[in-house]
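Try each task before you read its solution.

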Amino acid sequence: MPRKDKAPAKRFVKSTREKILDAARYIYNRGGSEALTVRSLEIRAKVKAPTIFWHFGNMGAIADAIVDEAYAGLLSALATQPPIDDPVSALYSAARVYRDFALDNPHLYTTMFIAEDPSRAIGHWQRDTPGRETFEVLERCVRRCIESNAISPGDPRAIAVMVWSAAHGQIALSISGRLILDRPAFDRLYDRMMVTIVNGLRQHKLAASGLVDPGHPELYKVEV
């Protein structure tokens, strides 16, 4: 009986659009928005400018695409959390989702939070984005804590920025190699930091603790 030849293995071939995005992510993560130019993208992706602009209208659209795609994974992880009745537990859970996503996806995290791009700073988002939505999840958790009297009253957005900043500071130190701990030790440190922050917010009003000067409301007015 004649032997049947095996069908040739199928090779995964990236589309031109995917190659452009991969190259853009590589450049953006290493040099920020200033490094992401038509010329650098032509060299890295091995395509010509007309091809780039056929897939994307302009360079800003490419930056938007790689950042939005990175945030989409985090937003999906936050959205799949089971409902949690206790507001403080919900806040801790959201903070852990941030942590786990970042440590499991360091390259995406670099795109989202470490690559230099002032246009994406808090207060400078000019459109509805997955990145903005992820922050608003955290802000809603903080608002629930305030409304349930689990923490002292304050501006939910300002408090969310405090929690967000602390979380990302510790995560960035780990990803950059400045904080060398094994994963269980890092998780314990991160959880302890979050508990410490919440306990502080439970015990003192922001103005009374000196964290916010009531005479200078601009210190806690944060627009996202």
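**Exercise 1. Which residues in α5 meet which residues in α7?**

Solution. Keep in mind that this is a predicted model.
- Begin with the α5 side: P87, V88, A90, L91, A94 and Y98 take part in the contact.
- Now turn to the α7 side, where their partners are T134, F135, L138, C141, V142, R144 and C145.
- Sorted by class, the contact of α5 with α7 holds 11 nonpolar residues, one polar and one charged.

**Exercise 2. Work out how α5 and α7 are oriented relative to each other.**

Solution. 
- Locate the two helices: α5 covers residues 87-104 and α7 covers residues 130-147.
- Their axes lie 8 Å apart, and the packing angle is about 160°.
- Angles over 145 degrees count as roughly antiparallel, so α5 is roughly antiparallel to α7.
- For the handedness, the crossing of α5 and α7 is left-handed.

**Exercise 3. Describe the packing of α7 with α8.**

Solution. 
- Helix α8 spans residues 156-175, and its axis comes within 8 Å of that of α7.
- The two axes cross at roughly 120°, and the crossing is right-handed.
- From α7, the contact draws on F135, L138, E139, V142, R143 and I146.
- From α8, it draws on P156, R157, I159, A160, V161, V163 and W164.
- By class, this contact of α7 with α8 has 10 nonpolar residues, no polar ones and three charged.

**Exercise 4. Step back and characterise the whole protein chain.**

Solution. 
- Count the elements: there are 10 helices and zero strands.
- Next, look at burial: 40% of the 224 residues count as buried.
- Finally, consider contacts between residues at least 6 apart in sequence: 66% of them join residues at least 24 apart.

Conventions. Residues numbered from 1 in each chain as written. Predicted model: local features only at pLDDT ≥ 70, side-chain atom pairs only at ≥ 80, totals over all residues. Heavy atoms only, no water. Axes fitted to C-alpha atoms, helices over the stretch in contact; angles between N-to-C directions. Helix = DSSP H or I, 4+ residues; strand = E, 2+ residues; numbered from the N terminus. Parallel < 35°, antiparallel > 145°, perpendicular 65-115°, else oblique. Left-handed = near helix turned anticlockwise from the far one by under 90°. Contact = heavy atoms within 4.5 Å. Nonpolar A, V, L, I, M, F, W, Y, C, P; charged D, E, K, R; others polar. Buried < 20%, exposed > 50% of the residue type's maximum accessible area, 1.4 Å probe, protein only.
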